[in-house]
Amino acid sequence: FQAQVITCKAAVAWEPNKPLVIEDVQVAPPQAGEVRIKILFTALCHTDAYTWSGKLTSRICFVHCSTHLHAALLSMLLPNLVQDPEGLFPCILGHEAAGIVESIGEGVTEVQPGDHVIPCYQAECRECKFCKSGKTNLCGKVRAATGVGVMMNDRKSRFSINGTPIYHFMGTSTFSQYTVVHDVSVAKIDPKAPLEKVCLLGCGVPTGLGAVWNTAKVESGSIVAVFGLGTVGLAVAEGAKAAGASRIIGIDIDSKKFDTAKNFGVTEFVNPKDHDKPIQQVIVDLTDGGVDYSFECIGNVTVMRAALECCHKGWGTSVIVGVAASGQEISTRPFQLVTGRVWKGTAFGGFKSRSQVPWLVEKYMKKEIKVDEYITHNLTLGEINEAFHLMHEGGCLRCVLAV
Ligand code: NAD
Ligand code: AHE
Ligand code: ZN
C-alpha cells in the first residue's frame, strides 16, 4: 500500500485576525515516523484564538496590535516588539481533536490505520533527555520543528495549496479533514470512546486537572483560588474538588460564570469589579492570610501577579496556566518568594501525553471526570469563523466542530 496525496477541506489562516478560509488543501503522505490522521472532531482552544490574533506586545509601551500592517509599522517604530515564534502564517491552526489513523509512514509501530487517536501537541518520545528525566512532561524530540510549523524529517510542511506550503501549528493542525503528525505525538485511545466528546482531552480539560494533580499536587483540605472560569479554570476547580480541597474560590470579571462554576466545584465567587481593593488583598482577607494554592487561567500578567500575591506566606504555591501575549513579562517583589511563596507554570497540566491521555479517556468512560459538561456548542468546520466569535461570548466554554 502506497499512501497518496489527499486533497481535503481545511480552514486556513492566511493572515492574523483575518477570517479563516475553507480551502482545498493537499496533504502529503506521512514520511518515516509520521502518521496521517482523518480528523473527525476538533474543538477550539483560546490558544488558537490567541495565535490567530497575531497579538504582539512591546515591552516598552504594551501596545497591542492585531494586523500585519499595524505590526509592520510598529516593528519599525518599536524594534523590541516581540513576535510569537509559533504564530506563523499561512497556517492551519487547531490542537484539541480526535480522529482515526488513515496511513502510517515507515517505522511507525505503535499505531495502525483504523486506530482511534488523539493528536498531542506535547509529544512523548520516551527517549529524550526530557522524557527520561522523570521531572517533566515536556519532550525534546520534535519540538524544534513543531514550534516553527514544519515536520522534523525534512523541515518542510505536509500541507500545500497548489504548491504553496501552509505551515503546521503545534504539531497538530486539526482544523483540517486530514493532518500529518509525528508518531510521538499520537495517543491511541479506546475505540469505544465517543470522539465527539473526548476530543476535549487533547488540551483544555487535562490542562486544568493536571495543573492541580501533577503540578501543584493539591492536598485534601487545601484552600484554592482559581482566576478565570473558562474551560481551563473550571477543570482546575473539578481537579481541586477531586483532590479534596476545602474551599475553591473562583475569581472572574464575568459574574454569569458563577452558576456554571458551582457545578464544577467552585464554592465561593469573587468578582474583582465589586471591590475597590486589589484582588490579592480581597482574597488574603477572605482566607486568613492567603490561599494554599492559586491558578491563573486567563493569560493576563497582572492577574498572574495577583494570583501569586494572594498565596499564604511560607508555603502558598501559584501555578501559571494562561498563555500571555508574546513579549509580556511577569513581575512581583522578590520578597514574595523570599517569604516562601512558590511560582510555577504548567504545560498540558504536566500529563505525559501518549501514556496518560488514554488513561484520561478511561476515566471519562468510567464517569470519573467530566467532559460533556464543557461542550456548550456544536458546529461544523465550515462554521469555524462563527465558532471563533462564540469563544468571545461569556456563554461559550468549548465549541466542538464536526470536521
Ligand atoms: P477562557 O477565555 O474560556 O477563560 C478565561 C476566563 O477568564 C473567562 O471566563 C474570562 O471572563 C476570565 N477573565 C478575563 N479577564 C479576567 C480578569 N482580569 N480577572 C478575572 N477573570 C478574567 O479561556 P480558557 O480556554 O479557559 O483558557 C485559559 C487560558 O489558558 C488561555 O490563556 C489559554 O491560552 C491557556 N491555556 C494554557 C494551556 C497550557 O498548557 N498552559 C492549555 C490550554 C489553555
Ligand atoms: N508560543 C507562545 C507560548 C504558547 C504556549 O505556552 N503553549 C502552551 C500550550 S497552550 C495550549 O493551549 C505550551 O504547552 N507550551 C509548552 C510547549 O512546549 O509549547 C509564546 O509565547 O512563545
Ligand atoms: Zn489549548
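**Figure 1. The surroundings of ligand 1 in the predicted model**. Ligand 1 is surrounded by 31 residues, of which Gly228, Gly230, Val232, Gly299 and Gly322 are the closest. A residue is near a molecule if its C-beta atom, placed from the backbone, lies within 6 Å of it. This shell consists of 16 nonpolar, 12 polar and three charged residues. Ala, Val, Leu, Ile, Met, Phe, Trp, Tyr, Cys and Pro count as nonpolar, Asp, Glu, Lys and Arg as charged, and the others, including Gly, as polar. The helices α1 (46-53), α6 (204-216) and α7 (231-242) each contribute at least two residues to the shell around ligand 1. Helices (H or I, at least four residues) and strands (E, at least two) are DSSP runs, numbered from the N terminus. Because the model is predicted, local features need pLDDT of at least 70 and side-chain atom pairs count only at pLDDT 80 or more, whereas totals for chains, interfaces and linings use all residues. Residues are numbered from 1 along each chain as its sequence is written, while chains are lettered from A and ligands numbered from 1 in the order in which they are written.

**Figure 2. Helix α1 and its packing**. His46, Thr47, Asp48, Thr51 and Trp52 are the buried residues of α1. A residue is buried if 20 or more other C-beta atoms lie within 10 Å of its own, exposed if 12 or fewer, and partly exposed in between, with C-beta atoms placed from the backbone. The buried residues of α1 pack against α13 (384-391).

**Figure 3. The largest nonpolar core**. Such a core is a set of buried Ala, Val, Leu, Ile, Met, Phe, Trp, Tyr and Cys residues joined through C-beta atoms within 7 Å. Val198, Val224 and Val226 touch the most other members of this 111-residue core. Helix α7 gives the most to the core, with six residues. Leaving aside residues up to four places away in sequence, Val224 touches Val218, Ala240, Ala245, Arg247, Ile248, Ile249, Val291, Asp292 and Tyr293. Two residues are in contact if their C-beta atoms, placed from the backbone, lie within 7 Å.
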